[in-house]
Amino acid sequence: MAPKDEKYHDMDETLILDSIHKWLERDVAPYAMDLEHSDTYPVEMVEQMKDMGLFGATVSQEWGGLGLSASTYSKVVTMISEVWMSLTGIFNSHLMMATAVEKFGTEEQKQRFLPRFVTGELRGGTGLTEPDAGTDLQGIRTKAVRDGDHYIINGTKTWITNSIEGSCFALLTKTDIKADPPRKGMSLFIVEKGAGFEISKRFEKLGYKGIDSGEMVFTDFRVPVDNLIGGEEGRGFYQTVGGLELGRINVASRSVGIAKRALDEAVRYSQERSTFGKPICQHQAIQLKLAEMATRYESSRLLLEQAANAYDEGRRCDLEAGMAKYSASEAAIENSLEAMRIHGGYGYSKEFIVERLYRDAPLMAIGEGTNEMQKIIIARQLIERNKI
Ligand SMILES: Cc1cc2nc3c(=O)[nH]c(=O)nc-3n(C[C@H](O)[C@H](O)[C@H](O)COP(=O)(O)OP(=O)(O)OC[C@H]3O[C@@H](n4cnc5c(N)ncnc54)[C@H](O)[C@@H]3O)c2cc1C
């Protein structure tokens, strides 16, 4: 993330949001529904996102990125998610990998990877989750064993976003399986596809369509020692956790986008649809729903703003990011369900966007740490910050 004085100023933020808005109206909204329902990767949109610099959105300008603050970035993500949330996964997981290199990589690694990450020439994501370990990251089994000037990697990573369309990943491994606690034996590598790195599965999902989620299998896969992020073993867990605050701000931003679109659709439809001689927005039962939806959206948006500001000011913000992610994802789930109910039978039709919002929203409660874990993080931080 760029230091404060390099950040986009208000004027720049207005310009970038304006150009994203135009792009969404012209190049995304008319096509998103078809691509989503046919689960087709949005090749052209990816090229357009490259041109707009989204693959380097949060990377410093020094490396050719846009150097957006978390605050501006979160507005970009929210805006795109109001139209098609899947698109944000294509560049966000990629940016998590880029952030790990920019924050923790050696100078040589930054020079080698960041210029190619920001253009989207090298695209990918983060490989943390395994078939037997998601929330409990210290339980992973993928092993990296040193062999001269290489490491040999064996293991399986599952549910990895961009694993099929992407070519480069930040991969969490164990370099010391006996370490106690296990996190001290974990190391993060940058790996590029090659011999011994295979995709064994493409997941069929409830929502989050158009974007690929797959399983990556490593069999005696050789990666140069120079690709160990930071050049020192045993730092991988901290490097991974160090990126989660921004990751949670991102999921909160996507959620706020879904919650807002659900609200907007409900407000519009409730004025168009009449029953018993008046628009349904004049029935008190519908008004109660709209009021609750609007309050959930606004309160989540404010929590998100607070978390993004804390991040930009360089303050520790696991409590704030956890609250924003938890609140906004629950708002997305509840608002999308309520929007569907307000649409009556039509809400169940694939012709209306509320059906998609309803399928996309639950993912927000899972990604970047489940909501159960967010509550545990929030509580722990509350106690730590208020010790007696
Ligand atoms: C569409 C999609 C895309 C994804 N993309 C990526 C990606 O790009 N990279 C990546 O690495 N991973 C990715 N994931 C994986 C995701 O991060 C994990 O699914 C998530 O971390 C949860 O892990 P799990 O599925 O193993 O669930 P588990 O860890 O098995 O959890 C199961 C349940 O138990 C609860 N639970 C677990 N531990 C505790 C506890 N201590 N206290 C209370 N409750 C607990 C959880 O909250 C959950 O409700 C993706 C997942 C999906 C669905």
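1. In this predicted model, helix α9 (residues 318–342) packs against α10 at an angle of about 150°, and the two axes are 8 Å apart. Because angles over 145 degrees count as roughly antiparallel, α9 is roughly antiparallel to α10. The crossing of α9 and α10 is left-handed.

2. Helix α10 (residues 353–360) also packs with helix α7 (residues 244–272), again at an angle of about 150°, with an axis separation of 10 Å. That angle makes α7 roughly antiparallel to α10. The crossing of α7 and α10 is left-handed.

3. Helix α8 covers residues 284–312, which is 29 residues. Just after α8, glycine 314 adopts a positive phi of about 75°.

4. The ligand has 21 residues around it, of which Leu128, Gly134, Thr135, Thr370 and Glu372 come nearest. Two or more residues of this shell are given by each of the elements β1 (124–127), β3 (150–161) and α11 (371–385).

5. By class, the shell around the ligand comprises 11 polar, seven nonpolar and three charged residues.

Notes:
Residues are numbered from 1 along each chain as its sequence is written. This is a predicted model: local features need pLDDT of at least 70, side-chain atom pairs count only at pLDDT 80 or more; totals for chains, interfaces and linings use all residues. A residue is near a molecule or strand if its C-beta atom, placed from the backbone, lies within 6 Å of it. Helices (H or I, at least four residues) and strands (E, at least two) are DSSP runs, numbered from the N terminus. Ala, Val, Leu, Ile, Met, Phe, Trp, Tyr, Cys and Pro count as nonpolar, Asp, Glu, Lys and Arg as charged, and the others, Gly among them, as polar. The expected span of a helix is 1.5 Å times one less than its number of residues. Axes are lines fitted to C-alpha atoms, for helices over the stretch in contact, and angles run from 0 to 180 degrees between N-to-C directions. Angles under 35 degrees count as roughly parallel, over 145 as roughly antiparallel, 65 to 115 as roughly perpendicular and the rest as oblique. A crossing is left-handed if the near helix is turned anticlockwise from the far one by less than a right angle, and right-handed if clockwise.
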